[in-house]
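Thanks for asking me to look at this one. My notes follow as numbered points, to be read with the structure open.

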2 protein chains.
Amino acid sequence: MGEGRRPEPPHEAKDVTEHVGYRLKRAAAALRTAMEQALREHDLTVPQYSCLELLDERPGISGSDLARGTFVTRQSSAVVLRGLQQAGLVTRPAAAEHGRALPVHLTDQGLARLRAARAAVYEVERRMIAAVPAARLEALLVDLDKMAAALGEA
Amino acid sequence: MGEGRRPEPPHEAKDVTEHVGYRLKRAAAALRTAMEQALREHDLTVPQYSCLELLDERPGISGSDLARGTFVTRQSSAVVLRGLQQAGLVTRPAAAEHGRALPVHLTDQGLARLRAARAAVYEVERRMIAAVPAARLEALLVDLDKMAAALGEA
DNA sequence: GTTTCGATGTCAGGACTTTGACATGCTCGA
DNA sequence: TCGAGCATGTCAAAGTCCTGACATCGAAAC
């Protein structure tokens with residue numbers, strides 16, 4: 001091997017830090033850090049907040065669905081769920097009445113906690129959105145979805 | 001509390017799964033999963049690959065810089081580095097000659113391994129890029145950078 | 001009716017990452 | 001000259017997450 005064809009870069013880039021993957025990762029990392037900071041004063045972690053938010057959107061959802069919605073495994077989700085349950089933010093029946101799925105619900109306390117935290121998180125999102133031209137925002141979101149879909153249907 | 005002003009959503013969205021943060025996270029998660037699959041046959045984890053790639057770009061970089069470049073802590077980076085060193089993919093002097101930083105270098109074996117893995121990863125990136133209109137790609141990347149910068153300068 | 005399959009929840013183990021802390025060594029200003 | 005400040009590397013402990021495995025339950029196929 002000498003001048004054997006080396007892998008063709010996916011698009012023009014002087015170095016790795018200009019690749020799509022790197023820049024996507026950097027943006028996601030920045031978002032995660034900002035959210036952690038914002039949530040710290042509300043005593044919530046990012047996974048916990050994601051869980052509450054999804055629960056408010058789809059009450060009675062199962063643990064597995066919750067896991068899929070927050071991009072983690074069932075096992076990880078179960079740990080977060082136990083924590084939230086112990087903190088009195090969510091409720092879960094001891095036994096399922098129909099299938100095997102245990103529907104999770106937000107408590108009043110959980111909803112209140114979510115509302116408070118939501119304000120802080122929304123502020124972060126606003127800051128992020130303000131950085132991109134309004135005319136390009138929708139296209140950006142659509143493209144992100146398309147990329148995710150293209151990678152998902154492996 | 002009834003109609004107390006609830007936090008204003010950062011942009012129009014019917015539910016959480018349409019928010020910027022959620023969609024960014026989904027895209028990043030999809031990328032991560034695809035990369036893990038692609039790297040599995042090369043016996044490399046995503047952090048390991050990131051490390052090798054950055055090392056090829058900036059030989060002799062310090063462990064701390066490496067950590068910053070891969071968005072993890074120095075401690076995590078040190079663990080990855082030890083693994084790579086044990087696998088003979090990178091070298092590191094036992095003691096620094098000038099400062100305290102220990103310059104890390106790729107071995108021939110490390111470079112070969114990187115080249116092989118790179119082909120697989122580039123394929124993933126190509127798949128991702130193909131999903132978005134070519135005319136919008138550059139704008140997308142610029143906007144991702146802007147968002148990261150806006151969140152970073154907290 | 002019985003069997004096979006898929007989905008859910010859980011346990012056990014290990015791998016990875018982070019927070020917190022400390023020692024070392026350069027650099028710059030008093 | 002010497003001290004404060006900053007960056008690097010490392011150790012220890014805890015938390016988080018994942019892979020692998022198992023039992024349970026409903027639904028669909030036979």
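1. A word on terms before the fold: helices here are DSSP runs of H or I with at least four residues, strands are E runs of at least two, and both are numbered from the N terminus. Counted that way, chain A has 6 helices and 2 strands. Read from the N terminus, their order is α-α-α-α-β-β-α-α. Please keep in mind that this is a predicted model.

2. Some overall figures for chain A come next. Of its 154 residues, 33% are buried. If you take the contacts in chain A between residues at least 6 apart in sequence, 48% of them join residues at least 24 apart.

3. Now to the pairing of the two protein chains. Chain A puts 54 residues into the contact and chain B puts in 55. On the side of chain B that touches chain A, at least two residues each come from α1 (20-40), α2 (46-57), α5 (108-130) and α6 (134-152) of chain B.

4. How are α6(A) and α6(B) oriented to each other? Their axes come within 10 Å and cross at roughly 95°. Angles of 65 to 115 degrees count as roughly perpendicular, and α6(A) and α6(B) are therefore roughly perpendicular to each other. The residues that make this contact are R136(A), A139(A), L140(A) and D143(A) from α6(A), with R136(B), A139(B), L140(B) and D143(B) from α6(B). By class they divide into 4 nonpolar and 4 charged, with no polar residue.

5. In soluble globular proteins, nonpolar side chains tend to be buried together.

6. R26(B) sits in helix α1 of chain B. Is R26(B) buried or exposed? The cut-off for buried is 20 or more other C-beta atoms within 10 Å, and R26(B) has 21 such neighbours, so R26(B) counts as buried. Apart from residues within four places in sequence, R26(B) is in contact with F71(A) and A148(A).

7. Next, DNA strand D. It is surrounded by 21 residues, and the closest are V72(A), S76(A), G63(B), S64(B) and A101(B). Two or more residues of this surface are given by each of α4 (74-86) of chain A and α3 (63-69) and α4 (74-86) of chain B. The largest share, 4 residues, comes from α4(A). The classes are 10 polar, 7 nonpolar and 4 charged residues.

8. DNA strand C can be read alongside. Among the 21 residues around DNA strand C, the nearest are G63(A), S64(A), V72(B), Q75(B) and S76(B). The elements giving two or more residues to this surface are α3 (63-69) and α4 of chain A, together with α4 of chain B. Here α4(B) gives the most, with 4 residues. The surface near DNA strand C has 10 polar, 7 nonpolar and 4 charged residues.

9. D43(A), in the loop between α1 (20-40) and α2 (46-57) of chain A, has a phi near 55°, positive although the residue is not glycine. D43(A) counts as exposed, with 10 C-beta neighbours inside 10 Å. F71(B), in the loop between α3 and α4 of chain B, has a phi near 65°, again positive in a residue other than glycine. With 18 other C-beta atoms within 10 Å, F71(B) is partly exposed.

10. Last, T107(A), which lies in the loop between β2 (105-106) and α5 (108-130) of chain A. T107(A) counts as partly exposed, with 15 C-beta neighbours inside 10 Å. Not counting residues up to four places away in sequence, T107(A) touches G88(A), L89(A), V90(A) and T91(A). The C-alpha atoms of T107(A) and V132(A) are separated by 37 Å, with the two residues 25 apart along the chain.

Technical notes: Residues numbered from 1 in each chain as written. Chains lettered and ligands numbered in written order. Predicted model: local features only at pLDDT ≥ 70, side-chain atom pairs only at ≥ 80, totals over all residues. Near = placed C-beta within 6 Å. Nonpolar A, V, L, I, M, F, W, Y, C, P; charged D, E, K, R; others polar. Contact = placed C-beta atoms within 7 Å. Axes fitted to C-alpha atoms, helices over the stretch in contact; angles between N-to-C directions. Parallel < 35°, antiparallel > 145°, perpendicular 65-115°, else oblique. Buried ≥ 20, exposed ≤ 12 C-beta atoms within 10 Å, placed from the backbone.
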